[in-house]
Structure formats: structure tokens, C-alpha cells
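Subject: Structure for you to look at

Hello,

I am passing on a structure that you have not seen before. Please look it over first; my notes follow below.

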Amino acid sequence: MTAEKETAAHIPVVIVGAGPVGVTAALLLARRGVRTVVLERHHDVYPLPRAVAADDEVRRILQAAGVGEEFAAIARPARGLRLLDARHRVMAEFPRSGQGAHGFPQTSMFDQPELERVLRDALARRPECDLRTGVAVVGMGVGVGASPGVGVGVGLDSNGPVRVTFRRDGVEEHLWADAVLGCDGAGSLTRDAVGAGWQDLRFEERWTVVDVRTSVPVRCWEGVDQVCDPDRPATFMRIGEDRYRWEFRLRDEPEPEPDHERLDERRHERLRELIAPWVDLPYGADFEVVRQAQYTFRARIADRWRRGRIFLLGDAAHLTPPFIGQGLGAGMRDAHNLTWKLARVLQQGADERLLETYESERAPHARHAIRLAVAMGWAMTGGQDGAAALRRGVLAAAFRIPGLPAAAARDLSPALAAGPLVRRRALRRARWGGLGLVGGICPQPWVTVDGRRVRLDELLGDSFAVLTTAPPSPSLRAVADGLGARTVQVAGLGDDGRLSAWLREGRADAVLLRPDRVVMDEVPSGADDFTDTAGWASLLHSTRKPRPSGQRAVETGLLRSATR
């Protein structure tokens with residue numbers, strides 16, 4: 001071991017980037033007792049709005065991070081999404097309910113700076129978390145003898161400690177970490193460190209985004225409007241009580257600019273023309289442009305998400321057009337998927353192969369969401385050839401088929417693909433029979449505990465859980481004890497029978513839930529045990545005792561006995 005390594009601090013996890021994904025990852029790790037250092041180049045929260053929408057699954061992740069109530073205070077439920085034609089006639093409507101399967105409104109609008117302040121306030125309350133701002137990460141390497149510079153080091157693909165090099169106030173410093181999470185955005189240095197390149201999913205358009213604060217009456221339906229006009233596609237949404245956002249695609253040809261003296265006047269007139277379908281804007285009206293910026297919307301996904309103990313999350317791993325509001329959501333799902341696995345490896349000695357399931361589960365899921373967003377972008381623009389109008393007409397007719405819009409909305413977060421933690425046998429039944437639960441996420445109804453009404457996850461805690469319709473068999477109890485899982489009989493929970501109905505529809509007597517609430521395995525109706533305990537137990541086997549998860553620590557030998 002070098003003298004330099006002896007003097008540099010050692011941290012279980014270093015997170016590069018203190019945006020919503022990075023801070024959420026730190027909070028999720030903190031709830032499992034994992035210490036983190038979060039490195040952020042900016043000194044404060046970025047003051048201008050970017051992400052504005054969250055679905056109910058993202059709200060459940062924020063609940064898991066401990067900021068569910070704080071986010072509720074700044075969120076505004078939205079009714080859904082409408083596709084409008086060039087004359088602003090409704091072609092299709094995708095309704096979103098005020099109470100989704102995860103226990104929250106299916107779509108919530110918010111101001112990203114407010115979300116980031118909520119997250120950072122929570123971070124400041126956690127002794128496990130250390131946020132360092134004004135820091136420029138300049139390199140990382142793996143293994144003894146690692147040198148400054150991106151991707152320089154000995155055994156870069158090993159699972160050895162990672163040295164992170166950064167500058168603060170002109171002074172170069174180092175940290176050694178058991179793992180590094182790259183939450184550093186589209187221009188990620190971490191992506192360079194893992195040697196990842198972009199896979200282009202063939203969408204690139206320039207748009208202008210206008211955020212406004214006004215007391216002037218605005219015509220809106222409390223949801224999102226997508227204007228499917230090849231000449232001037234647009235998006236409009238209400239974000240808050242007096243906050244609105246418009247997005248307009250820029251034409252390929254450069255638009256003539258007036259001389260400097262008339263530039264602001266011309267921009268004001270142009271904006272007035274663009275927003276006229278939604279608001280009548282008299283001169284001198286209360287109408288503040290909070291931000292107007294140009295963006296290039298792209299569809300890309302990294303060709304690798306991990307190298308050794310260095311991982312990519314959020315925009316460092318994938319870029320999506322914003323048309324279905326899943327940009328932030330995909331990154332939050334990354335954090336929820338990876339953090340419990342990383343904590344189990346670092347704290348309990350679980351098999352390193354558990355970390356391989358992060359990319360194998362999240363990459364196909366993210367790719368699916370990006371393709372949906374690209375399809376929505378295609379529906380909005382549709383080209384300007386002679387068949388464009390016909391295609392949009394077919395699209396409008398298709399979405400008038402009963403049940404199709406609701407089905408399309410559900411497809412925003414499909415079940416995970418088959419893998420080591422999603423048992424293939426049960427998933428095949430889900431695909432062909434439409435009834436399997438494995439790979440999907442357990443719903444979260446309100447339940448009654450000791451006379452109090454709480455959401456299900458508050459009852460289950462942060463670890464594994466078993467939901468069952470009957471008293472658990474000895475083998476189920478052994479599995480639950482081995483995983484440190486709480487076992488809950490769904491009857492009598494005061495949830496209006498929702499969980500019982502969910503299990504019945506899935507033809508299951510019991511399910512095993514992962515800490516991210518994905519169904520990992522099930523006990524089919526009439527059976528006595530999970531379908532394939534031996535298939536996943538080796539990945540979760542711990543060399544140390546699990547930490548207590550709201551109950552007691554248990555010996556891992558029970559998990560071994562359950563697989564025999």
C-alpha cells in the first residue's frame with residue numbers, strides 16, 4: 001500500500017454530482033447505514049428549472065429516501081397528457097389519476113430547484129452524508145498505484161478501491177472509495193472513466209424552452225399539451241400556481257435576427273405569437289420570463305454502465321427526449337435499483353455478481369422509455385411529407401380505441417426483463433398469461449397499523465418483505481429470516497382488499513419483494529414454496545449478519561438452509 005493511500009481518506013461510496021439523482025442515491029444509502037461523500041462542482045442548487053414532472057413511482061422513491069411529505073408540499077398533481085393537432089383539437093388523451101398504484105398521483109408537476117433544496121436539506125440531516133461543493137473532479141482510477149487522469153490505474157476492471165482525484169480552492173485532493181456513482185450528467189467524466197460510449201437511438205432536435213411566471217389567466221386543462229404540428233410542434237404545461245412552461249421546436253433554417261436595439265422587442269413579439277393559443281397577453285401584463293433557453297433533445301444510451309466499482313446513473317447513462325416526462329424518473333429508478341444492491345455487497349458481503357444485475361435490469365428498461373419518448377416525438381412532428389397527415393390521422397384513430405390510452409400510460413414502466421433477480425419461469429407466465437407478478441412492482445395502498453393509517457412501505461421497512469395470503473410455511477419463514485425480511489399477511493390490513501386482489505389476479509399465494517419493491521419471486525396458488533429460491537439465493541448470500549431492518553438481525557445460515 002502506498003503512503004499516499006495511507007493518508008487519503010477512505011469512504012465507502014463517493015457520488016459525483018449533487019443533482020436529484022446523486023442526492024437521492026446518497027439518502028437511500030444513508031438509510032442503510034452506508035456513508036457517502038457527494039462531490040459537486042457548483043456551490044449551490046442550480047437556480048433555474050429543468051425537470052418538471054414526476055410519476056407516482058418516482059414519488060415512491062422519494063418516499064423511500066425520506067422526503068415524501070416534503071415533496072408533496074411543493075408538488076401539483078396533473079391530469080395527464082393530451083395530443084393536439086395543429087388547430088389545437090384533441091386527438092388523444094392519456095388520463096392520469098390522482099391515486100396511482102404506488103399510492104400517489106400518477107403525474108406531479110414541480111419546480112426542480114425546490115426539489116433539490118428539499119433533497120439537500122434532508123442530506124444535511126444525515127450524519128452518514130458529506131456534501132462538498134465547489135469541487136471539480138478531475139480523475140479516477142482503480143487499484144494500488146492509480147494515477148491522476150480519467151481511467152488511469154492498475155486493474156481498472158477489478159473490484160478494488162477507486163481513487164477519486166478532485167480540486168477544491170486550487171488544491172488537489174484524493175479520496176479512496178469502495179464504489180463511485182457517476183451522477184454527473186450528459187458530459188460525465190465518470191462515463192469516460194468506465195470507457196463507455198453512446199449508442200445513438202436516432203433522435204436529435206433543437207427546441208427552445210420558456211419558463212414563465214404570470215398572474216394572467218392561462219387556458220389550460222391542468223395537464224400537458226403536446227401539439228402534433230410538423231410546422232411548429234410544441235409542448236405546454238402548468239407547473240405551479242403561477243408557473244407555466246412552453247417548449248417549441250426550432251426550425252432548421254436560421255431565423256433572421258433584428259439589429260441589437262430591437263432584439264428584445266422582436267423576441268417579445270415572437271413569444272407573444274407562439275403562446276397566443278393559450279394566453280392573451282396585453283402589453284404591460286404581469287408576465288415574467290424566468291428562463292428561455294435552447295436545448296438539443298437527444299436519444300442515447302451508454303454502451304456500458306459499470307467498470308469495476310464505478311457506476312453510471314441518470315444522464316451519465318442515458319439521454320431521452322422529454323416528451324413522456326421520464327428523464328428524471330429514469331435516473332431515480334437507477335438510484336433505487338443500485339443502492340440496495342451496493343449496500344448489501346458493501347455491508348453484508350453479498351456476492352459481487354449482485355452488482356451485475358444493475359445494468360442488466362436498468363439498461364433495457366431505460367431503452368424502452370427512450371423509445372417511447374422518441375415515438376411520441378415522431379407523433380408530434382411526423383415529418384412534412386405527403387403522408388404525414390395520413391399518419392397522424394391513423395394515430396388519432398388508434399388512440400380512440402377504448403382502453404388504449406390507459407394501456408399506453410401503464411407502459412411507461414413495464415416489468416423488468418428476466419434475470420437472476422427476476423425468475424424466468426414466473427416471468428414467462430406473466431408474458432403469455434398476463435397474470436404473473438414477477439418483475440413488476442408491488443402496489444402501495446394505505447394500510448392500518450396499530451390504529452394508524454400508513455403507506456405500505458412504511459410498514460415493510462427498507463429491506464426484503466414477504467406478502468402472503470396465509471400463515472407462512474416453515475420454508476417461507478426460513479427464507480424471510482435469512483433475508484432479514486418482514487413477513488406480512490395481507491388479510492386484515494385495512495387496505496380494502498387491494499393486496500389480496502392483486503395476489504389473486506396474479507395467481508399467487510405469496511410474493512417476495514426486493515427492497516426496491518420489485519417482485520423477485522412468488523409462491524404460485526396451491527404451491528408451498530417460491531418457484532426458484534436456489535436461483536437467486538447465491539447472489540444474496542451474506543458473509544455477515546444482515547443489519548436490523550425495523551426488527552431484528554437474523555443469522556444468514558437460515559437462507560442457506562432454505563436453498564437445500
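D169 sits in the loop between β10 (162-168) and β11 (171-182); helices (H or I, at least four residues) and strands (E, at least two) are DSSP runs, numbered from the N terminus. This is a predicted model, in which local features need pLDDT of at least 70 and side-chain atom pairs count only at pLDDT 80 or more, while totals for chains, interfaces and linings use all residues. Residues are numbered from 1 along each chain as its sequence is written, and side-chain values use heavy atoms, with hydrogens and water left out.

D169 is not a glycine, yet has a positive phi of about 55 degrees. Its relative accessible area is 74%, so D169 is exposed (buried means under 20% relative accessible area, exposed over 50%, partly exposed in between, with a 1.4 Å probe and protein chains only). E222, also not a glycine, has a positive phi of about 65 degrees. The loop between β12 (198-214) and β13 (224-227) holds E222, which counts as partly exposed at 26% relative accessibility. For background, most residues other than glycine have a negative phi.

Next, the aromatic rings. The structure has 14 aromatic pairs; rings of Phe, Tyr and Trp (its six-membered ring) pair if their centres lie within 6.5 Å, and planes under 30 degrees apart count as stacked, over 60 as edge-to-face and the rest as tilted. One of them is the tilted pair of W207 and F323, at 5.4 Å centre to centre and 55 degrees between the planes. This pair links distant parts of the chain, 116 residues apart: W207 is in strand β12, and F323 is in the loop between β19 (318-319) and α8 (327-348). W207 and F323 are both buried. The pair of F236 and Y244 is stacked, because the ring centres are 6.2 Å apart and the planes are at 10 degrees.

T235 belongs to strand β14 (residues 234-238) and is buried, at 3% relative accessibility. Its side chain makes a polar contact of 2.6 Å with that of Q226 (a pair of N or O atoms within 3.5 Å; within protein, one must be able to donate a hydrogen and the other to accept it, and residues adjacent in sequence count only if both atoms are side-chain atoms).

Lastly, there are zero disulfides, meaning pairs of cysteine sulfur atoms within 2.5 Å. C442 is buried at 0% relative accessible area, whereas C220 is partly exposed at 25%.

Regards
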